[in-house]
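Below is a short briefing on one protein model, meant to be read with the sequence and coordinates open. The points are grouped by topic.

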Amino acid sequence: MATSRALGYLESRKNIAGSACGIVGLALTFTGVAGPYWPVVVAGLYGAGALIAPPERPAAPDFPDASARLDELRADFGTLRAYLADVELPPAASGRLTELTELLAALLDPGWVADVLVQDPEAVHTLSRAVRQDVPEAVDTFVRTRWWSRLTPGQEPPERHLERQLSLLHEEADRLASALRETEARRQETHTRYLEDRSK
């Protein structure tokens, strides 16, 4: 630990600036300006250089970029699909879930859609929440509630809640897809205007 600190100081800005000023002190000594007090002059100039050197700046944290977050989200989506394949759902809910997962898969598909998606952190957050929280929670809650409903018949069927939840999630994903489509449409219109202005 002490050795690494010592090596760190040798490479620090303070030591480099102090050493440069110390070399100036040695030059003054060899030219006779420092006289018999040259050790004090060299040490003083080294200390002054070390004091005026800018402080060390800690390295900024290296957070994953949006593309890396999307790669992680795709892996989590694969895990989610494997989980959903093992869950038995009523036909209506199963159909809505299939529509939702197909839309999520299209949004997460690598390519130009992902290129548009990474430019919108809120959209990435919406997808992440759907994949990592909303869909698994909706399905898991249904599975647990369905077991209890067998013990207490006559209650509202849990599949109705599941179908409604999946419909709401599909609407949210559809709005996200529409927003991305509008972004590309605006980009196309902007490029058209640019070409029109350039041709004038």
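In this predicted model, the axes of helix α5 (residues 91-108) and helix α8 (residues 158-198) come within 9 Å and cross at roughly 25 degrees. Axes are lines fitted to C-alpha atoms, for helices over the stretch in contact, with angles from 0 to 180 degrees between N-to-C directions. Helices (H or I, at least four residues) and strands (E, at least two) are DSSP runs, numbered from the N terminus.

**Packing of α5 on α8**

- The angle makes α5 roughly parallel to α8; that label covers angles under 35 degrees, while over 145 is roughly antiparallel, 65 to 115 roughly perpendicular and the rest oblique.
- The crossing of the two helices, α5 and α8, is left-handed, a term for a near helix turned anticlockwise from the far one by less than a right angle, with clockwise giving right-handed.
- On the α5 side, the residues making the contact include Ala-92, Arg-96, Leu-100, Leu-103, Leu-104 and Leu-107; on the α8 side they include Leu-162, Leu-166, His-170, Ala-173, Leu-176 and Leu-180. Contact means heavy atoms within 4.5 Å.
- Sorted by class, the contact of α5 with α8 has 14 nonpolar, 2 polar and 4 charged residues. Ala, Val, Leu, Ile, Met, Phe, Trp, Tyr, Cys and Pro count as nonpolar, Asp, Glu, Lys and Arg as charged, and the others, Gly among them, as polar.

**Nonpolar core**

- The largest nonpolar core has 32 residues, and Leu-104, Leu-107, Leu-127, Val-135 and Leu-162 have the most contacts inside it. Such a core is a set of buried Ala, Val, Leu, Ile, Met, Phe, Trp, Tyr and Cys residues joined through side-chain atoms within 4.5 Å.
- Two or more residues of this core come from each of α4 (66-85), α5, α6 (112-117), α7 (121-151) and α8.
- Helix α7 gives the most to this core, with 8 residues.

**Ala-173 in α8**

- Ala-173 lies in helix α8 and is buried, because its relative accessible area is 5%. Buried means under 20% relative accessible area, exposed over 50%, and partly exposed in between (1.4 Å probe, protein chains only).
- Its contacts, neighbours within four places in sequence aside, are Leu-100, Leu-103, Leu-104 and Leu-107.
- Ala-173 and Leu-100 are 73 residues apart along the chain, with 7.8 Å between their C-alpha atoms.

**Two residues of α2**

- Gly-18 is found in helix α2 (residues 13-30) and counts as buried, at 0% relative accessibility.
- Beyond neighbours within four places in sequence, Gly-18 is in contact with Leu-45, Tyr-46, Gly-49 and Ala-50. The C-alpha atoms of Gly-18 and Tyr-46 are 4.0 Å apart, at a sequence separation of 28 residues.
- Ala-27 is also in helix α2, but is partly exposed, with a relative accessible area of 40%.

**Whole protein**

- The protein has 8 helices and 0 strands.
- Buried residues make up 27% of its 200 residues.
- Of the contacts with a separation of 6 or more, 74% join residues 24 or more positions apart.

**Basis of the values**

- Residues are numbered from 1 along each chain as its sequence is written, and side-chain values use heavy atoms, leaving out hydrogens and water.
- Local features need pLDDT of at least 70 and side-chain atom pairs count only at pLDDT 80 or more, whereas totals for chains, interfaces and linings use all residues.
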